[in-house]
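Thanks, everyone, for making the time this morning. I would like to walk you through one model, so please have the sequence and the structure open as I talk.

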Amino acid sequence: MAILKILTYPEKSLLQPSVKVDGITDEIKKLVEDMGETMFEAPGVGLAAPQVGVNKRIIVYDSNAANPEDDGSSKDFTALINPEIIHSSGSIVSDQEACLSVVDYSADVNRYETVVVKALDIGGKALEFEAHGILAVIMQHEIDHLDGILFIDRISLLKRSIYKKKVAKLMKAQ
Ligand code: NI
């Protein structure tokens with residue numbers, strides 16, 4: 001296993017759509033293991049392949065992210081291959097949503113309260129499940145990454161332009 005470099009906005013791989021995985025090869029399995037390790041090391045509750053420079057439709061998330069009893073010691077993660085949201089309903093505001101690829105920024109984002117996700121597991125088995133609340137937010141956030149969308153694309157134009165200016169300033173200073 002290896003810790004991968006997490007790319008940050010405005011890196012190109014974060015801004016373009018990813019392609020479907022066609023066959024879960026050993027290479028894909030290794031990538032998934034590395035993504036899980038990288039996510040916990042960061043630490044974060046979810047990670048999408050474009051964040052490590054691979055534009056393939058793969059996400060991982062902390063299996064205990066929605067468990068209020070979780071003390072953070074478990075390193076169990078779930079991988080979803082070619083995940084898609086096939087149904088969504090209700091609405092919530094995510095509480096200070098953040099992203100490992102969007103440094104030094106968080107914002108409240110309007111999200112669906114419930115989503116139904118269809119995907120393959122790492123064994124290639126088809127699965128379908130309903131996610132609520134925090135888990136639903138994670139699904140929307142991570143699946144957005146596969147379409148080149150960041151949470152800053154889902155906030156007001158004004159807030160987004162303030163963030164973009166901040167990044168431009170930081171990059172100039174480097
Ligand atoms: Ni993210």
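Let me begin with the metal: which residues coordinate the nickel ion, and through which atoms? Keeping in mind that this is a predicted model, the nickel ion is coordinated by C99 through SG and by H141 and H145, each through NE2, at 2.1 to 2.2 Å. Written as a sequence spacing, the donor residues of the nickel ion read C-x41-H-x3-H. The two histidines, H141 and H145, sit four residues apart in helix α2, so they are separated by about one helical turn. Are these two, H141 and H145, buried or exposed? Both of them are buried, which here stands for under 20% relative accessible area.

Let me now step back to the chain as a whole. It contains three helices and seven strands, and, read along the sequence, these follow the pattern α-β-β-β-β-β-β-β-α-α. As for overall dimensions, a compact globule of 174 residues would have a radius of gyration near 16 Å, and because the chain itself has 16 Å, the two agree. The C-alpha atoms, taken along the principal axes, fill a box of roughly 45 × 35 × 35 Å. If we take the contacts with a separation of 6 or more, 64% of them are between residues 24 or more positions apart. Of the 174 residues, 42% are buried, while the accessible surface of the chain comes to about 9,400 Å², with 53% of that belonging to carbon and sulfur atoms.

That brings me to the interior. In soluble globular proteins, nonpolar side chains tend to be buried together. In this model the largest nonpolar core has 16 residues, and those with the most contacts inside it are I59, Y61, L80, V117, F129, A131 and M139. At least two residues of this core come from each of β2 (58–62), β6 (114–120), β7 (126–132) and α2 (133–146), and it is α2 that supplies the largest share, six residues.

Notes
Residues are numbered from 1 along each chain as its sequence is written. This is a predicted model: local features need pLDDT of at least 70, side-chain atom pairs count only at pLDDT 80 or more; totals for chains, interfaces and linings use all residues. Side-chain values use heavy atoms; hydrogens and water are left out. A nonpolar core is a set of buried Ala, Val, Leu, Ile, Met, Phe, Trp, Tyr and Cys residues joined through side-chain atoms within 4.5 Å. Buried means under 20% relative accessible area, exposed over 50%, partly exposed in between (1.4 Å probe, protein chains only). Donors are N, O and S atoms within 2.8 Å of the metal (3.2 Å for Na, K and Ca); water is not among the atoms, so sites may look incomplete. The radius of gyration is taken over C-alpha atoms; the globule rule is 2.2 Å times the number of residues to the power 0.38. Contact means heavy atoms within 4.5 Å. Accessible areas come from the Shrake-Rupley method with a 1.4 Å probe; for residues, only the protein chains shown count as cover.
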